[in-house]
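Subject: Handover of a structure and its findings

Dear colleague,

Please find below the structure that I am handing over to you. I would be grateful if you could look through it before reading the notes that come after it.

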2 protein chains.
Amino acid sequence: MKKKLVLDTSIFVNPASAAAFGSSPTAALAAFLEQAKQADVELLMPPSIYAELMCFAEEAKISKALLLLIHRKPPKKHETRIPGVFIYSLVESMRDRVDRGLRLAERHVRESLQAPAAQSAAGDKPVRADAEAISRLRESYRRIMREGMLDSRADVDLLLLAYEVDGLLVSADQGVLSWAENLGISILSYDHLRDFLVEQNSNR
Amino acid sequence: MKKKLVLDTSIFVNPASAAAFGSSPTAALAAFLEQAKQADVELLMPPSIYAELMCFAEEAKISKALLLLIHRKPPKKHETRIPGVFIYSLVESMRDRVDRGLRLAERHVRESLQAPAAQSAAGDKPVRADAEAISRLRESYRRIMREGMLDSRADVDLLLLAYEVDGLLVSADQGVLSWAENLGISILSYDHLRDFLVEQNSNR
């Protein structure tokens, strides 16, 4: 039976990963598809991930014959059932983020209280201090909240699809890969993808 | 077939709910069990929820015969499978909280920047301002993050158990009830519990 590869955007967008195939997301995707055409594999991608990828790759520059190799399949999200134990992992990872978010907010509030008072007479200076403090807060908060968190519909599509078809999830995103492990999904790291395709080819 | 009631702590702890049965969690639980004994129902509670309830009710003051009516059953969390679509709801509710948490943190940082500068000469006054600001932040942050959020293992136990046994989930917690709705679990609001027991009794 053909191996089913469920493909994440990150393979072609993450610089380290894309470099294995090409110098841009477009080149990487085209080169990957050329190579996959020779291999005995089925390529699957949820429509949400396909759309996400096409924000980075120029669809018009890749031949339709190659693009057709990608089977755009949404997960059967109402029918596919996943082990209840997965919910505990999700809820706990969420609680952990929420706690870290609060610690971070506290640190920023403390720092702001110790900052020199806004000099309302000094023109636009206080506004800049304000904007800088907020932008520092946002950056740290988003980094904490996003890193390794399952937080987009597209990522859930990816996991459910790989689970449903019992496929190999290919990604360059550590967060996605670790959630896949949590669900008992087989994973293929991006840096093995090239060799994997070569092997599927020689095995025909 | 006996109706299966999956009981949440909140029935006996939430003041509005507990009042239907007694003046304290202990009295409410005992009175509820006395009434349930006459009715043709099976009472189920995950061990985590039972333990939580016993932080509020005095176990030693309730007869063992009554307490034995409660079947302490954990959900089969590795075997029970839930529809994948539930994950999307969880992830989206989480994203929404995370966004609101950031807005809140931004507001508190802005307020702190505008607060009078800490007077390091003025003894312990700045420390108090600091502590007050942090405590205000914590209170608002926790309210936003907890309200209606699925954030404890015990709540997940409750949902999975009710799902597994196809029971009626009884709770006074709107968050738990709405997550149950999301999973297609039958719910019984606390304010119908008394009448429900009377009816199960007369139907025998």
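The notes below describe what was found in this structure. Please bear in mind that this is a predicted model.

How the two chains are related

Chain B can be superposed on chain A with an RMSD of 0.1 Å, using a turn of 180° and a shift of 0.0 Å along the axis. This is the relation of a two-fold axis. Of the interface residues of chain B, 100% are also interface residues in chain A, so the copies meet through the same surface.

The extent of the interface

In this interface, 51 residues of chain B are in contact with 51 residues of chain A. Between them the two chains bury about 4600 Å², and 67% of this lies on carbon and sulfur atoms. On the side of chain B, the residues that lose the most area to chain A are B:Tyr88, B:Leu113 and B:Tyr141, which together account for 16% of what that side buries.

Polar contacts and contributing elements

Across the interface of chain B and chain A, 24 residue pairs are in polar contact, with both residues at pLDDT 80 or more. Which elements of chain B each supply at least two residues of the side that touches chain A? They are strand E4 (81-83), helix H6 (85-114), helix H7 (125-146) and helix H8 (153-165). The largest share, 22 residues, comes from H6(B). By residue type, the side of chain B that touches chain A divides into 29 nonpolar, 8 polar and 14 charged residues.

Strand pairing between the chains

Strand E4 of chain A, residues 81-83, pairs with E4(B) in the antiparallel sense over 3 bridges. Within this pairing, A:Pro83 stands opposite B:Arg81 in E4(B).

Salt bridges

Over all chains, the structure holds 16 salt bridges. The count between chain B and chain A is 6. A:Arg153 forms a salt bridge with B:Glu92, and their closest N and O atoms are 2.5 Å apart. Inside chain A, A:Arg103 forms a salt bridge with A:Glu106, with the closest N and O atoms 3.6 Å apart. Both A:Arg103 and A:Glu106 lie in helix H6 (residues 85-114) of chain A, 3 residues apart, which is about one turn of the helix.

With kind regards

Notes:
Residues numbered from 1 in each chain as written. Chains lettered and ligands numbered in written order. Predicted model: local features only at pLDDT ≥ 70, side-chain atom pairs only at ≥ 80, totals over all residues. Heavy atoms only, no water. Contact = heavy atoms within 4.5 Å. Buried area = accessible area lost by both parts, 1.4 Å probe. Salt bridge = Lys/Arg side-chain N within 4 Å of Asp/Glu carboxyl O. Polar contact = N/O pair within 3.5 Å; in protein donor to acceptor, adjacent residues only side chain to side chain. Helix = DSSP H or I, 4+ residues; strand = E, 2+ residues; numbered from the N terminus. Nonpolar A, V, L, I, M, F, W, Y, C, P; charged D, E, K, R; others polar. Pairing = 2+ DSSP bridges. Least-squares fit on C-alpha atoms with pLDDT ≥ 70 in both.
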